[in-house]
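This briefing covers aromatic ring pairs and charges placed over rings. The structure is shown first, and the points follow by topic.

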Amino acid sequence: MKQVKLGLFFILIALQACKNKVEEQKAILDTAKKDYYTEPYRPQFHFSPKEMWMNDPNGLVYHQGVYHLFYQYYPDDIVWGPMHWGHAVSTDLVHWKHKPIALYPDELGYIFSGSAVVDENNTSGFGSENNPALVAIFTYHDMKGEKAERDDFQTQGIAYSLDNGDNWTKFKGNPILENEGIRDFRDPKVMWYEPLQSWVMTLVAGDHAKFYTSKNLKDWELTGEFGKDQGAHGGVWECPDLFQLQVDGTDEKKWVLLISINPGAPNGGSGTQYFIGDFDGKAFTSDQKESRWIDWGTDNYAGITYNNVPYDERIFIGWMSNWAYARDTPTKKWRSAMTVPRKLSLQKIGDSYSLINYPTNSLENLGEAGIRKPIRLETAEKDNIAFDHFNQAEVQFTTTAKDFKLAFKNDGNEQLVLTMDSEKGVFLLDRTQSGKTDFQENFGDTVQEMPIAHLPQEAFEVRILLDHSSIEVFIIKGQHVMTAQVFPSEFYTSLDIENTSEEVLEFRNFEINRVKGVW
């Protein structure tokens, strides 16, 4: 009997030990969950890497119900280094799941930016009719060649996946496109051109774009060039994209060419311009004279669009940073985020075409009811609205007013100010006193401007998205757009609205909603 009692005693001790261990592990998991994506300035509804450095979005493609987001990634530091392709997936473009690194550097070089396609017809021979391959097309960057001051250190390579992006095999015949001596020869964006039953690659070469065609994704022929004497040329051309859009409300179709440029953007540093024109499968042409920008803020660069999206929707994601200060922003565990995904459309406004970019509908599912109130202000009158979640919020209204000021403030005397000025025909984004700005000399030294001439007489929409370290402004459903990073020392908790016109100001359907976190 004594032995039985002793045995039961030890069993109870063992059970208690197991229980303690389970509780300890649960406590560790709870702590990890509590700390996950809660660091200062960590975006709550934008994509950011779990840790370390990220820049350009790459290989945006939809396949088998999954949106793939590959991106330039350095897994060993929060500053730029040997480039890999990071990888994340989503079914709704809002909630993302991190995946293992997709592509690693090899003897041919770092893995720079590029694109991905679904080879439905198995033109490459990598897949089959029942299991078409995902094919990634990217730039190899040979650091040894760059250090040796050669001009041919960037070439193009491909890799393929037969399990929807989980595992990749690099083509043994890489590089598939050699370099004849162009220092900046990179960022291939590939699409299928149905009329000629061929693949088209758009590639940048310093100050212009080149167009190549292929029947098999391996053998490429140069067919055209564009841009040496058109568009903005304040810096190197990068990250091209070429696609067709139907003009809203018509049967007309036009081609759009995106070109990122660094430096040379309208508010300094990096930016993305676009051209509207025609494409015959071999060359792009445009009679556009002026420089056009997809976003006038300082922090939307290297953006490209998804291939293979249902209903031919054109969905865009950009890198929410700027090479002028990207390496210096005040985050510690990770660096950089992406813009919210945006649907692109084409409108004819007056005699010219405008590329519209506006958040996809999937973002609407994140809104939580907040404040709704009518806004009516006499000349020079102000209103103040308190709200605890301005750094994770959406502000939206319609108005005919063309002169007003919005100031997001916190208790630390910091403010982010938006101004509509009809006399000067501009919209201003002022982050000079928005919070931490001294990490780089130019980050907070100027007020960003966007031209807004010819605003409609009827009511138009203003929509503002604020996350922990960013603001995105969409005016007239994305006809005018600004994106910028901000780093307040504490969350903005009040909004001042000021009527700066000589007329009564009204904001109709005014609402402030908290945006749910996605992590």
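Phe47 is buried, with 4% relative accessible area (buried is under 20%, exposed over 50%, partly exposed in between; 1.4 Å probe, protein chains only). Trp519, at 25% relative accessibility, counts as partly exposed. The model is predicted: local features need pLDDT of at least 70, side-chain atom pairs count only at pLDDT 80 or more, and totals for chains, interfaces and linings use all residues. Residues are numbered from 1 along each chain as its sequence is written, and side-chain values use heavy atoms, leaving out hydrogens and water.

**Ring pairs**
- The whole structure holds 41 aromatic pairs (rings of Phe, Tyr and Trp, the last by its six-membered ring, with centres within 6.5 Å; planes under 30 degrees apart are stacked, over 60 edge-to-face, the rest tilted).
- Phe47 and Trp519 form a tilted pair, because their ring planes are at 50°, with the centres 6.0 Å apart.
- Phe47 is in the loop between α1 (2-35) and β1 (52-63) and Trp519 in the segment after β35 (505-515), so their pair ties together parts 472 residues apart in sequence (helices, H or I of at least four residues, and strands, E of at least two, are DSSP runs numbered from the N terminus).
- Tyr36, Tyr37, Phe47, Tyr71, Tyr73, Trp96 and Trp519 are linked by ring pairs into a cluster.

**Charges over rings**
- Arg42 has its charged end over the ring of Trp334, 4.0 Å from the centre (NZ of Lys or CZ of Arg within 6 Å of the ring centre and within 35 degrees of the ring normal).
- Arg431 lies over the face of Phe443, 3.7 Å from the ring centre.
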